Amino acid sequence: MAYDIERYLDIRGAGDPTYGPTGELAFTLGTTGTAQVWALGAPGAWPTQLTFHDERVQWASFSPTREELAYGMDTGGDEFTQLHRVSGDGSEDVQLTAFPDAKHDWGGWSHDGDRIAYTANRRDASRFDVYVQGRDEAGANADCVRVGDAFDLPSVVGWSPSDDRLLVVDTHSNFDQDVAVLDVDTGEITRATAGLDADTRFSWVAWAPDGGGVYVTTDHDADTRYLGLLDPETGAISRVADGGDWPIEAVVTAHDAGRLAYVRNRDGYSELTIADAAGTTLTEQPTPELPDGVIRGLSWGPDGDTLAVVVSAATENPNVFVVDVATGAATQWTNAATAGIPKSTFREPELIRYETFDGREIPALFTRPDGDGPHPVIVDFHGGPEGQRRPSFLSLRQYFVDNGYAVFEPNVRGSSGYGATYMNLDNVRNRMDAVADGKAGVEWLTARTDIDADRVVAYGGSYGGFMVLASLTEYPELWAAGVDIVGIANFVTFLENTGDWRREHRESEYGSLDADREFLESISPTNNADRIRAPLLVLHGANDPRVPVGEAERIVEQASAHVPVEKHVFDDEGHGFSKRANKQAAYRAVVDFLDDHA
């Protein structure tokens, strides 16, 4: 039986698990049409809805000591996230911050549950400060203290076990970060990694259970991230676990239990390790019995004997599993609906590699429909550019394959997951090499007898939208159609108009307006739109702070003089689509467009 696109968009997925102090679990789930906070006390129990908003809830975090959660929510996708607190039964909902023109990023609860930490750009849109705030019985913004304001782009990643210090990752670019310790009472900042080489990533950090050191996932003195133990006083890093050819991408610690868990990304698939931790010595626990897929979200149970994770696999929509540390057994707690579509109909992608113009091997996921073909194919470029397409569940992938399309998802140069060298191959003047990788992927596809070379579609969002537009301008003969979702159309106007807090960091990846303006103009699709030969569909959110909607307007104006162009702008969305009605309208437009042109 065939199902329409609306049914596929109604497939749900649980996310952001967080343990309560007595063992209950909360998570986000989009059952009502936008993601809200839900909770349950036992596996398979009927969940209780705790928040009731028209806007999406982005994340939730249980207090370690009280039956209450903090959560974040923006308005219309504008990403000016405000913080809220909701009681464990949903009966009380209190706004903690009320700065509608500022972005608030969560930093965690203190261990006693009396305070929260976060960063916000209240004073200057381009700069973030660190704040500590009480539970705010007195109302929004009460009992709030700025404790650190000498950072570039800080993220608070946890309180010390003694609750007197905050661990901060300061991001200078997507490939250069530092770790600092902030004394909450004095404001003194110890820059633990100041003496290390530049261009070192610290993608995940966590206080060691004894509070004396910091576990980090880093590529310091390595091409691939490993698990290290950082001395916050000296900056010395000792290797604890090596990922080999594959990066260790996440680590979380259970202070009272003296444990940690880390995740290795092996060619896109997640491998979870749980161990007792004493400095650099790890004593591994039984291997968790989880589905093969991608792990997103890790939350320790209150006693450290269980670990909640979300697993998303190519043929399994995201759900929360709880791992028993002692045995490795995993129990599925949530049962997010598949909208009545049998899981048996979902297709598993094949992991392949193809050779590109300079002899490199480019990894990609390739999913084929039933039959011998030749099939039309959607070449789906991920965002980032340092993102990675992984074997997690994508309802659109399943819809397209069920409706006769092959889906090809290349991890072109610049993608994460394959080491720092590979991730940096597309920086600044090498930007178009990534587009050439896409061309090589199409050539690999069209050399096959099961692919129709006249029905190849370029598809992508955000930076992937740039990849679509650049592919259409650089290699117009390859494409039957293009779908650009919240994509960059001109690097100069994008950098001029993106959120103030993002500009400097994006320049380190794409190039500087001062030094590279001429080059950026030369590769921008709006300046080469006369080369486009394929019909184009453009989708965007009016409130997008990352890639402002002007990018959509510019490419539509330029391309429509040469090819059929269709544009849809959603007034109450930002960098993507979060509301059920908007997702249905957007992807119905995609389906109809491809029916007409591919």
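A polar contact here is a pair of N or O atoms within 3.5 Å; within protein, one must be able to donate a hydrogen and the other to accept it, and residues adjacent in sequence count only if both atoms are side-chain atoms.

1. Basis. This is a predicted model, in which local features need pLDDT of at least 70 and side-chain atom pairs count only at pLDDT 80 or more, while totals for chains, interfaces and linings use all residues. Residues are numbered from 1 along each chain as its sequence is written, and side-chain values use heavy atoms, with hydrogens and water left out.

2. D219. The loop between β18 (214-218) and β19 (226-230) holds D219; strands (E, at least two residues) and helices (H or I, at least four) are DSSP runs, numbered from the N terminus. D219 has a relative accessible area of 5%, so it is buried. Buried means under 20%, exposed over 50% and partly exposed in between, with a 1.4 Å probe and protein chains only. A polar atom of the D219 side chain lies 2.8 Å from the backbone nitrogen of R201. Beyond its neighbours within four places in sequence, D219 is in contact with residues including D199, T200, Y226 and A420, contact being heavy atoms within 4.5 Å.

3. Charges over rings. R239 lies over the face of Y226, at 3.9 Å from the ring centre. The charged end of R122 likewise sits over the ring of Y131, 4.6 Å from its centre. The criterion is NZ of Lys or CZ of Arg within 6 Å of the ring centre and within 35 degrees of the ring normal.

4. Aromatic pairs. The whole structure contains 20 aromatic pairs. Rings of Phe, Tyr and Trp (its six-membered ring) pair if their centres lie within 6.5 Å; planes under 30 degrees apart count as stacked, over 60 as edge-to-face and the rest as tilted. F466 and F491 are a tilted pair because their planes stand at 55°, with centres 4.7 Å apart. This pair links distant parts of the chain, 25 residues apart: F466 is in helix α5 (residues 463-474) and F491 in helix α6 (residues 491-497). Both F466 and F491 are buried. F570 and F577 pair edge-to-face, at 5.1 Å between centres and 65° between planes, and both are buried. One aromatic cluster consists of Y8, Y399, F400, Y405 and Y459.

5. An open sheet. Four strands, in the order β5-β6-β7-β8, form an open sheet with antiparallel pairing; two strands pair if DSSP finds at least two bridges between them. The edges are β5 (57-62) and β8 (93-95), each pairing on one side only. Between β5 and β6 (residues 68-73) there are 5 bridges, and Y71 in β6 is the bridge partner of A60.
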